Amino acid sequence: MLSNLFAQSGRLLKVNLKRDRWKLLIWVLVLAGLMIGYASKIGVIFSSQKSVDALVVTLRSPAMIAVLGYIPKSVAMTEATLFSGEMLVFMGLFYGLASLLLTVNATRGDEDQGLTELVRAKPVGRQALLFAAFLELVVFNLFLLILIGGGLQVTDMAGANTSGNWLSAALLSGVGLLFGTIGILTAQTASEARSATTGALSLLGVAYIARMLIDVQNPKYNWWSPLGWVERGGAYYNNNWLPVSYLLLTTLVILLLAMAISSRRDIGAGIIAVRRGHAKSWFLSGPLTALIKTDGKSFWSWLFGALIMGLMYGSIFNSITDVIKSNQFMATIFTTAMQKKASDALLLQFMATLAIVFVIIGSLRGIFMVNQIETDAKKGYLELLLAKPISRTRIFFTYVGYAIVNALIAFAAGLTGLYLGNIAVMKHPLALKYFIRLFNGYSVTIIVMIAIAALLVAFVPRLKSLTLVYAGLGFVIMYFHSIFKLKDWVVKLVPYGWMKNLPVKQINWTNFTGLLIVAVILLIVATIGFQRRDQITK
């Protein structure tokens, strides 16, 4: 019977909510805080028509369209429409990230730790665990919908309306449901949680890149990306609820597909077969080589993902310089040399804004690898290493060192793609020195973020996800500091703020040295903390 398939789903949902309550609370505070907090202050930040006009120009620049989405030129700019143009696509990305991380952990994560096998030994339905994960996803996004929809009603932005407020909340929750369900699907296809997370993140990245390219080149085709559906909702000016139904329908289809796959696979297995390894390996000689072996798929996924994103952004450099070429006044008054200088200045400003995207990619790669220490400890992998004459310090530095190298490689891959895209489309491409300056300057900020992650894993591993939240906060501060009119001291609350305006400006080597010293101190303290832990899992 159908009811037997989902038996005990409600009880498993309660267990999931109790286990994930702090994680869910952090995400709710961050997501709702950004949405409601900015909505309540947008009228204060942009109180004059001059500031609104400047923001409109900024939002319609290629750099902002690529990240935030496209606002039709026919739309009247009110506080509400400015808010939807700035926040919805951007926040949809974070909704998708939070939701897929939640569902992968609640499905394949539990399976990897052996919890699924213990639960399935009890009288529970075959689909109960999967459905409980989906119900947790629904509860999370439904709570956000009610909180944000109600919060936007209270903020009463100029130009806002009830339909637009609730549509904004529904579109974001719809994106969360969609990508959370995609996380459930990849958890059925992959053989372990790391691959499932990588697969879901890759699909989220593809949806975002597709929307970016379409919005910059021809926005009328942005129906081809789920994140483009958020724009098609036209919150506050069209109030089209059709994209919400598309999100829900697609979610249902993916859920049914995930259930069909789940019913046909064994516990601990995925439908993508794992290649059998060799009985003996000359390569596996210690913790570093074991880490490289197990992380192989993720390494190439992050590398090519960053490279492709760089190429995509680099491919729109020509569109940015078209602003100069299409200006009849500049074409008449400026010489060719002056026009090139103006184009270069515009591109450098674009790079200064865009750089933080690739810095965050590198930071996330490093943070995920440091957090893997705790994940591998819970799976029992570290016990196998400690059974050998290998010190905790060596294990800790293996993970942290590997995280730093991989983070810098991902960052370099993104900048390499940006440089190659710039060469491909530009008649007079930007010089390589600017890309090298970006790498040299921001690399130390990535190392500081990894050091912070290491400190949390060493002392309070339960709060290791806070570093991801901090990195997300860093992105918001760096990308929107001019829009939010943030003070310089606020920008410097994150490591990236000490290196802002690269490559327009030269590297501040005093700040560079200071950040490097901070990173070294944090890593030393983290190492001591990891050594003194009574046990690997805490």
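Reader: Which helices each supply at least two residues of the lining of the second largest cavity?

Author: α6 and α11 (226-232) do. Helices here are DSSP runs of H or I with at least four residues, strands are E runs of at least two, and both are numbered from the N terminus. A cavity is a set of points on a 1 Å grid over the protein atoms alone where a 1.4 Å probe fits but cannot get out, and lining residues have an atom within 4 Å of a point.

Reader: Is that from a predicted model or what, and which cut-offs apply?

Author: It's a predicted model: local features need pLDDT of at least 70, side-chain atom pairs count only at pLDDT 80 or more, and totals for chains, interfaces and linings use all residues. Residues are numbered from 1 along each chain as its sequence is written, and side-chain values use heavy atoms, with hydrogens and water left out.

Reader: OK, what's the mean pLDDT of the chain?

Author: The mean is 82, and 87% of the residues reach 70 or more. pLDDT is the predictor's confidence in each residue, from 0 to 100.

Reader: Where does pLDDT stay under 50?

Author: Over residues 323-339. For that stretch the model has 11 contacts beyond four places in sequence, a contact being heavy atoms within 4.5 Å.

Reader: Back to the cavities. How many turn up at 30 Å³ or more?

Author: A search of the whole structure finds two. Volume here is the space filled by probe spheres set on the grid points, which are joined across faces, edges and corners.

Reader: How much space is in the largest one?

Author: About 180 Å³. The elements giving two or more residues to its lining are α6 (79-112), α7 (115-120) and α8 (128-155). The largest share, four residues, comes from α6.

Reader: Which residues lie nearest its centre?

Author: For the largest cavity, E111, T116, R120, S262 and R265, out of 14 lining residues. By class that lining has four nonpolar, four polar and six charged residues. Nonpolar covers Ala, Val, Leu, Ile, Met, Phe, Trp, Tyr, Cys and Pro, charged covers Asp, Glu, Lys and Arg, and the others, Gly among them, count as polar.

Reader: While we're on α6, is T103 buried or exposed?

Author: T103, which is found in helix α6, counts as buried because its relative accessibility is 0%. Buried means under 20% relative accessible area, exposed over 50%, and partly exposed in between, with a 1.4 Å probe and protein chains only.

Reader: What does the T103 side chain reach at 2.7 Å?

Author: The backbone oxygen of G180. A polar atom of the T103 side chain also lies 3.3 Å from the backbone oxygen of L100. Leaving aside neighbours within four places in sequence, T103 is in contact with A133, L137, G180, G183 and I184.

Reader: Where does I71 lie?

Author: I71 is in the loop between α5 (62-68) and α6. I71 is buried, with a relative accessible area of 8%. Beyond neighbours within four places in sequence, I71 is in contact with L59, R60, M77, T81 and G85. The C-alpha atoms of I71 and E86 are 9.3 Å apart, with the two residues 15 apart along the chain.

Reader: What's phi for Y236?

Author: Near 80°, a positive value in a residue other than glycine. Y236 is found in the loop between α11 and α12 (242-262), and Y236 is buried at 7% relative accessible area. Q8 has a positive phi too, near 75°. Q8 sits in the loop between α1 (2-5) and α2 (9-19), and is partly exposed at 35%.

Reader: Last one: how many helices and strands in the chain?

Author: The chain has 23 helices and zero strands. Of its 538 residues, 52% are buried.

How values were computed: 1 Å grid on protein atoms, 1.4 Å probe; cavity = no way out; pocket = protein on both sides within 12 Å on 5 of 7 lines; lining within 4 Å. Polar contact = N/O pair within 3.5 Å; in protein donor to acceptor, adjacent residues only side chain to side chain.
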